[in-house]
Amino acid sequence: MYKKLLLIALLLSSLVIAPGCWSRKELNEIAVVMALGIDVAEGGYSVSAQVLNSSEAGSTHINSIGSLPVVTYKSFGKTIPDALQRMLSMAPRTLYLSHLRVLVFGEELARKGVGDAMDFISRNHELRTDFFLLVAKNSKATDILEVVTPFEYIPANSLYTSILASNRKWAVTGKVTLQHFITELKRHGSDPVLSGVELAGKKESAGSVDNVKKLIRTPCCSMRGWLYLKKTGWLVG
Amino acid sequence: MDTTNSAKNQEPLPDSIIEIKELMRNRLGTSPDIVIRDMRIGPIPAVILYIEGMGDPQPLLQAIHQDMAMFYDEKEPSPEHYINILQLRSITLGKIGQADTLGAVEEKLLSGNTILFMEGLSTALYIGTQSLKQRNVEEPASQSVVRGPREGFTESLRENTALIRRRIQSPDLRLEQLKIGEMTNTQVAIMYMEGISDPEILQELRRRMSQISVESVLESNYIEEMIQDQRYSPFPTVYNSERPDVIASALVEGRIAILVEGTPFVLVVPALFVQFFQSSEDYYQREDFSSLVRLLRYLCFGIALLTPSFYIAITTFHQEMLPTNLLTSLIGQREGIPFPAFVEALLMEITFEILREAGIRLPKSIGQSISIVGTLVIGQAAVEAGLVSAAMVIVVSITAIANFALPAFNLGITVRILKFAIMGIAASFGLYGMIIALIILALHLCSLESVGVPYMTSFAPMRWKSQADALLRFSQKTKKKWINKSKT
């Protein structure tokens, strides 16, 4: 009887030690990516990520605009996962993609074709399917990511909520989730569409906190209606 | 020690007073509180023994001195004559009898009776003169209600049985008494309703109690440990209560109560899982309120068991399950905390257990507030020192408060023990491990039995008739209709 118990105890304790903590990530070891921007670059892709800066993201800071709660990292790579991994050399923690809010494609990339990018996005185990896809009109995706917004503490949230709100009240702009997009892509006889976002106002001041402090606010990002993509993800009109 | 005692105990008593006195002095020693008093009843020498503080010889002495003069009869100067007179005519007390072995005399003397020996008679008369100082019937300290009787059991077995008899004035209420404990010879009583309780369970209970061989029985837990099913389970299979109305309602339902002299806590057997979520107050308040409160208790069981594990599992393994805003705020709080979430949780939980244990020993006025308020204050200080995150203090506090909401203290203990085990599993294997642990727990619960009755009866095996009092509490009218209509 006691031998059996001892055996069970030994097996259980080895079960705790042997697998090496499974897929455990402490909250202060992850860098939550709120928005991703993908552009073309020579020889591959240029990926920019808007990452939550935890020390500024404490709940006491919600209303004070002392410093930005997000940091943007940029890197190049032959493929998107390559670029994301190169980003790790800059980011102090592992990037955590599950809480992505928006994914922005640069216009050039959209014209070339988002098919390959979509492949990675849809296969990655960490990404959920509830984030919105956008195309950056007349600019690169990185520029969209670098804008500071009032109202929302985290700029990616601002894009997210404005898409939600404007879609509900004004159907000219639409919300497209990953699931939506892939389904449309695969279906015969229908072509997928994506919303566009355009940077208005001065590009230089978009990235600074001053942009928020002005009383007369120049609209920084405005939704630009539907952009129509063709079968394999080429931007047409 | 056993065999020599019992051999001696069966010996008949000697005739002469001198021999008896010597025998008693040898057996009981020379304690000054065992009084051995010589006297005469008529012409015959006699000896009275009693224990000062436990027995009061007053009625016997009064009877002897006042009445014997009247009944003195020269024609029949035998001791039997006087004993008969005393037993049948003069003593004004209820319990009286004769004992003829040393063991019986000892037993009666040590439980507070007064013993009378007469020269030439080899039986002794014992008179029930117990007069111990008892505690008054007060509000039970451990189980108080908002509405309902405020009587609690006392330490005297007789008073407790009387309290129950007062509530169930039925001829079917039976009482069986036995002595358990080799050194303490504690009186233990079994009460049940003839015709309602299951005779098989009674038989099983009697069998188990006859197999108890323990040196001392000081509290009902000594009995509980020996009669419960030996399944090594943290779950209690015997219910206990300090309130006569709870025991009375259990008896009426067909359960069996075990009363132990010296403790106000009465055991009820068989005990089912649903019983630990029922409180007598459910029937003293309206049924809709009681039903909701009962559902709340089940919820509290879940909260008290699972909240810290849930927190640990989700924040370390499954951050994708949190809403983004919550994640942002949690990340902000955990910035700079040196410990992983599991160690944080363990520290806070252990601190809380220490505070709770300490709060029991403190005087009542501060003891109550120390447990919860103390944790919050210490938790707040720890948050400000940067040792734990604020969310963790909330998690631990809500766990503790939910634990207090469970009406049965012994189930609360179980939850406290299991909570740590599940926390460890959650920290190693995440939500997956937690679900496996809960499945194992459910399997264990379903295989548990309480004196032969499956522990999860009324859920598994499903008894539709008892659903009137399991999850919800139906009103008396609805209950009657429900029980009549249900199949099982």
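## Salt bridges in the model

A salt bridge is a side-chain nitrogen of Lys or Arg within 4 Å of a carboxyl oxygen of Asp or Glu. By this rule, 31 salt bridges are counted over all chains. Side chains of opposite charge can pair when their charged atoms come close.

This is a predicted model, in which local features need pLDDT of at least 70 and side-chain atom pairs count only at pLDDT 80 or more, while totals for chains, interfaces and linings use all residues. Residues are numbered from 1 along each chain as its sequence is written, chains are lettered from A and ligands numbered from 1 in the order in which they are written, and side-chain values use heavy atoms, with hydrogens and water left out.

## A pair within one helix

In chain A, Asp119(A) and Arg123(A) form a salt bridge with an N to O distance of 3.1 Å. Both residues belong to helix H4 (residues 115-123) of chain A and stand 4 residues apart, about one turn of the helix. Helices (H or I, at least four residues) and strands (E, at least two) are DSSP runs, numbered from the N terminus.

Asp119(A) is partly exposed at 38%, whereas Arg123(A) is exposed at 65%.

## Pairs between distant parts of chain B

The side chains of Glu151(B) and Arg167(B) meet in a salt bridge of 3.0 Å, N to O. This pair links distant parts of the chain, 16 residues apart: Glu151(B) lies in the loop between strand E5 (124-127) and helix H6 (157-167) of chain B, and Arg167(B) lies in helix H6 of chain B. Glu151(B) is buried, with a relative accessible area of 17%, while Arg167(B) is partly exposed at 30%.

A salt bridge also joins Arg206(B) to Glu176(B), their closest N and O atoms being 2.7 Å apart. Here too distant parts of the chain are linked, with Arg206(B) in helix H7 (residues 199-210) of chain B and Glu176(B) in strand E6 (residues 173-180) of chain B, 30 residues apart. Arg206(B) is partly exposed at 29%, and Glu176(B) is partly exposed at 22%.

## A network and a strand pair

Salt bridges link Arg24(A), Glu26(A), Arg334(B) and Glu344(B) in a network.

In chain A, strand E6 (residues 132-137) and E7(A) run parallel and are joined by 4 bridges; two strands pair if DSSP finds at least two bridges between them. Lys137(A) stands opposite Glu198(A) in E7(A). Strand E7 (residues 193-199) of chain A has 6 of its 7 residues buried, so it is largely enclosed by the rest of the structure.

Methods
Buried < 20%, exposed > 50% of the residue type's maximum accessible area, 1.4 Å probe, protein only.
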